[in-house]
Amino acid sequence: MIIKMKNTFFIGLLITLYFNSIAQPKFFKRELDPALSPREHPLDFQELILNIAIQPKEGSLKGTVTHIFTPLRNKVDNFFLDAREGLVIKEAKVNGKEITFKRDTAGYTFYSEQPFLFGTKYSLVINYEAKPKRGMYFIGWNDTTNLSRKQIWTQGQGIDNRHWIPMYDEMNDKIISEVNITFDASYQVLSNGNKLKEKDNKDGTKTWQYRMPQSHAPYLIMLGIGNYEIKEVKSKSGQILRFYYYPDHKDRIETIYKYSTQIMDFYEKEIGINYPWKAPYSQIPAQDYMFGAMENTTATVFGDFYCVDARGYLDRNYVAVNAHELAHMWFGDMITARSSSDTWLQESFATHYQWIFDRDAFGKNQFDWLRKSAINQSLTASQTDKKAIASSEAGATRWYPKGAFVLEMIKYVVGREQYNRVIKPYLEKNAYKNVDSNELLIAFQDELGISLNWFWDEWVYKGGEPAYKVAYSDIKNTKNERVTEITVEQSHEINDLVGLFKMPIKFEVYYRDKTKDTLVQIIENQTTRVSIPNKNNMEIDFVLFDPNSQILKSVTFTKYQEEWMNQALRAPHMLDRYDAILQLKGVDINKKRETLISAYMRDKFHAIRAEIVNQLAADTSKESMEVLQNAITDKDVNVRKAIINNIASLPAKFEPQLRNLLKDSSYVAIETALEKLCAKYPEMQNEYLEITKNEIGNNHKNIRIKWLELQLNQIKNEDLLQELIRYSSPSYEFRTRVLAFEVLKKLNFYSDKFMENLAQAALHFNGRLAGPASQVIEYLYKQTTYKKAMNEFYAKSTLADKQQLKKWMK
């Protein structure tokens, strides 16, 4: 089908009419997924009431949990609750009468003398103790230096709350949760929902009571305990937001939580539903957190590496993660996937809404750059396998960026306004319930009267991405009319998991007189020829296939070098200009210099400027030197980082300006500049070290640790070495420790103290710490010099689980 376009306003309607006129698949062929069917359960758990007291130094707790439930079947004789190693049930009663139970490795089975009957409500009360290895984490309580923060926090996703609560721990049930916790009164305690009570006890403890106002999935139950202060603000709708922060970070609150109220305001307007929980929305930082953040209902936990100051904000900040987690309050918490096969309904939506907030806050180029990154990540993932986004085995790339891009393509097909008209009732109909991919598909049928079965078949239930080979000819047809004939071939492998793709694709022909012709055609066959009349007999400037990359794809488009240059300078969308500049990488500098310099002066977006810097870095012409000098002081830190990464290629006359980057506002820029300047000008290393000697850097001391590395490479200094060893210890957060590990490895250093720090880290719950530590242990053990000392350390070590160290000491 061909749609000639003068105005793209009607593109969604025309595309929809076409796809409704063709045959739709009646069923979907999907790859076998072990998690496609939700876990069976005979009981409907309705409330979970928890009472616990925690012993932080022992890493243990004692508690009572009450489960209110009704049977889903006529009669239920026994049922199972998840409870992992370290959790021991002492006693259990149903409606006041003891019930027998039996342990296995996964949990407890309960046996009733009389069957539980459908339509009857029951109360199961369990007394238990736990020393959780996962799910609940104890930070800093045994740090003798008192440098570490002292915290307790939980991480329930995927299924780790079962380590500290005996429960039905799956996505496909919804409960009202209540948490009552007794703890040291000098700390703050946060849990889900509304704080109903905070009572002082005579023994110096307090008891906090939190209760959810609406039901949510049990994996979203959370606890956060530590030394915090709280700032409270309100959104335009009056929704309360509470920002937890460290007392020593008072000057960072605005930087950490920047845009928080704007994100809430934007989502409530864009989604069309106000924040869906009758409780404040809280956010709390956690030390040694293993992910970015977690969308626990009404109470997001995030890694305290996002607690940055104004300079650290330039390198890494919480804004995108903040937006992602808040979106989960609708997508993931209010509605929850029925099984992990449909995780994309949570993560893809949260990522997508974060993207569109970015567009609203930072502009279209930022939004398009996120989509470009998603394309690259998706194509890379497909080199390994072709999993669908609706699969429990899809992986993070498909659940997050690819799925977010797929949602944007739905908007491309049906239009943003119509998409929003579907999402609002989809949420309302399924509020506080479980959903699957088919329910979203049905929502489009119900609200718009259209079937997107074809789209689900291509993009949701099957994997891969289309690969197009495109070429064009400027010819005269049989009627002697001048036309641009474009050939499109789908060149990817076709199999059971990846078929031919059927998508509406826009073609644009730009002419030398700055006019253009536009056409939209459904591309669905292996090979398609598209003809665009050149009625005014104009000379072609360049041709675009899918301008602004609306379709997730790889594409090989045969063009002349001059056309890429014209596209780089005159294409209206940043992504098309960027793609053209990338195509010039292999072109002789004398042929592309003028184009690159003109593009640099025209384009302000960092990705284009950074790529031009990369291509000009080795050019010694006067014109290129001026551009590179301009880049050194560019307002955008990403452009300055590009020039820093090219220091090795720059002439010596740039050294005075480059050393000014040792005083940059960006911590990462300083660290990288210090390393690269010392490498290029070793005779000036002491001067560079003198300039940066008082710089610490970000939360994980990136500049200081790089400074120590460079200094220790040229002189032996026991004080500096001991400082580095301290940074590798449990007294410091994990990213500081990892940097210290890497430097001590480069120095090929070993001591029992360092080995003790490595061993503790290698056995740590945080894989981002444990992985690097175990790699250093493996490296050191291969050194003949250290093998004996390491074996002796192992023999006398009192570390729990020390036998696990043996897998790295061989």
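A salt bridge here is a side-chain nitrogen of Lys or Arg within 4 Å of a carboxyl oxygen of Asp or Glu. Lys231 sits in strand E17 (residues 229-234) and Glu254 in helix H2 (residues 253-256), so the pair ties together parts that are 23 residues apart in sequence. Helices (H or I, at least four residues) and strands (E, at least two) are DSSP runs, numbered from the N terminus.

Lys231 is partly exposed, at 29% relative accessible area, while Glu254 counts as exposed at 53%. Buried means under 20% relative accessible area, exposed over 50%, and partly exposed in between (1.4 Å probe, protein chains only).

## About the model

This is a predicted model, in which local features need pLDDT of at least 70 and side-chain atom pairs count only at pLDDT 80 or more, while totals for chains, interfaces and linings use all residues. Residues are numbered from 1 along each chain as its sequence is written, and side-chain values use heavy atoms, leaving out hydrogens and water.

The chain's mean pLDDT (the predictor's confidence in each residue, from 0 to 100) is 95, and 97% of its residues reach 70 or more. Over residues 1-10 the pLDDT is below 50, and this stretch has 20 contacts in the model beyond near neighbours in sequence. Contact means heavy atoms within 4.5 Å.

In total, the structure holds 52 salt bridges. One of them joins Glu439 to Arg338, the closest N and O atoms being 3.2 Å apart. This pair links distant parts of the chain, 101 residues apart: Glu439 is in helix H9 (residues 437-448), and Arg338 is in the loop between strand E22 (335-337) and helix H5 (344-362). Glu439 is partly exposed at 23%, and Arg338 is partly exposed at 25%.

Glu465 pairs with Lys402 in another salt bridge, at 2.8 Å between the closest N and O atoms. Glu465 lies in the loop between helix H10 (453-460) and strand E24 (467-476), and Lys402 in helix H7 (residues 396-414), 63 residues apart. Here Glu465 is buried, with a relative accessible area of 7%, and Lys402 is buried at 1%. Elsewhere, salt bridges that share partners join Arg39, Asp82, Arg162, Asp169 and Glu170 into one network.

## A look at Asn702

Asn702 belongs to helix H20 (residues 702-714) and is buried, with a relative accessible area of 2%. Its side chain reaches the backbone nitrogen of Asn698 at 3.0 Å. Not counting residues up to four places away in sequence, Asn702 touches Tyr667, Val668, Glu671, Ile696, Gly697 and Leu739.

Conventions: A polar contact is a pair of N or O atoms within 3.5 Å; within protein, one must be able to donate a hydrogen and the other to accept it, and residues adjacent in sequence count only if both atoms are side-chain atoms.
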